[in-house]
Amino acid sequence: APPAPETAVPSTTQRSMRAATVSSHGGPLDDISVVDGYARPTLRLGKGEMVVHVLPCALAPGDVRVWSGACAMLQSPGHFPYCPGGDVAGVVEEVEPGGLFK
């Protein structure tokens, strides 16, 4: 049976996604928004890289440090708004040959 709609995994051919975005360093939690229809980045996979459809996840402590600006000298998003998140789980959609993932 196909997965329920809330757990269905969209294809990488879709041009938008649901994403948490941050509009500035620090500030109230109002600076973090969940946006439907956020433009998906155009991906060009290199040797051994993969595309992962990220399932619902939470902000990790490192994401909060970057958002707060506490480590801006060492780690900064480079532009606002940005999508936080480095600790993710999901479904592998594409894999380029040459990597360790099988």
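1. Let's start with a definition: a salt bridge here is a side-chain nitrogen of Lys or Arg within 4 Å of a carboxyl oxygen of Asp or Glu. By that rule the protein has one salt bridge. The partners are aspartate 36 and arginine 18, whose side chains meet at 3.1 Å, N to O. Aspartate 36 sits in strand S2 and arginine 18 in strand S1, so the pair ties together parts that are 18 residues apart in sequence.

2. Before going on, a word on what you're looking at: this is a predicted model, where local features need pLDDT of at least 70 and side-chain atom pairs count only at pLDDT 80 or more, while totals for chains, interfaces and linings use all residues. Residues are numbered from 1 along each chain as its sequence is written, and side-chain values use heavy atoms, with hydrogens and water left out.

3. Aspartate 36 has 58% relative accessibility, so it counts as exposed. Arginine 18, at 62%, is exposed too.

4. Now the overall layout. Helices (H or I, at least four residues) and strands (E, at least two) are DSSP runs, numbered from the N terminus. Of its 102 residues, 15% count as buried. The protein exposes about 7400 Å², and carbon and sulfur atoms supply 58% of that; these areas come from the Shrake-Rupley method with a 1.4 Å probe, and for residues only the protein chains shown count as cover.

5. Take the contacts between residues at least 6 apart in sequence: 69% of them join residues at least 24 apart.

6. Methionine 17 is a handy residue to look up, and its place is in strand S1. At 28% relative accessibility, methionine 17 counts as partly exposed. Leaving aside neighbours within four places in sequence, methionine 17 is in contact with Val35, Asp36, Gly37, Tyr38, Ala39, Arg40 and Pro41. Methionine 17 and tyrosine 38 are 21 residues apart along the chain, yet their C-alpha atoms are separated by 5.2 Å.

7. On to the helix. In H1 (residues 61-68), the residues Asp63, Val66 and Trp67 are buried. Seen down the axis of H1, these buried residues fall within an arc of 100°, so they line one face of the helix; the arc is that of the directions from the helix axis to the C-beta atoms. What do they pack against? Strand S1 (16-22) and strand S2 (32-39). After H1 comes glycine 69, whose phi is positive, near 90°.

8. Further along, glutamine 75 lies in the loop between H1 and S4. With 46% relative accessibility, glutamine 75 counts as partly exposed.

9. Rings of Phe, Tyr and Trp (its six-membered ring) pair if their centres lie within 6.5 Å; planes under 30 degrees apart count as stacked, over 60 as edge-to-face and the rest as tilted. The count comes to one aromatic pair. Phenylalanine 80 and tyrosine 82 have ring centres 5.7 Å apart and planes at 65°, so the pair is edge-to-face. Phenylalanine 80 is partly exposed at 38%, whereas tyrosine 82 is buried at 7%.

10. Last, the surface. Patches are made of residues with over 30% relative accessible area and no salt bridge: like charges are joined within 9 Å, nonpolar side chains (Val, Leu, Ile, Met, Phe, Trp, Tyr) within 5 Å. Met50, Val52, Val54, Val88, Val92, Val95 and Phe101 form a nonpolar patch with about 490 Å² of accessible area together. Strand S3 (50-54) and strand S4 (90-95) are the elements that give two or more residues to the patch, and S3 has the largest share, three residues.

11. Valine 54 lies in strand S3 and is partly exposed at 36%. Leaving aside neighbours within four places in sequence, valine 54 is in contact with Val88, Ala89 and Gly90. Valine 88 lies in the loop between H1 and S4 and is partly exposed at 43%.

Notes: Buried < 20%, exposed > 50% of the residue type's maximum accessible area, 1.4 Å probe, protein only. Contact = heavy atoms within 4.5 Å.
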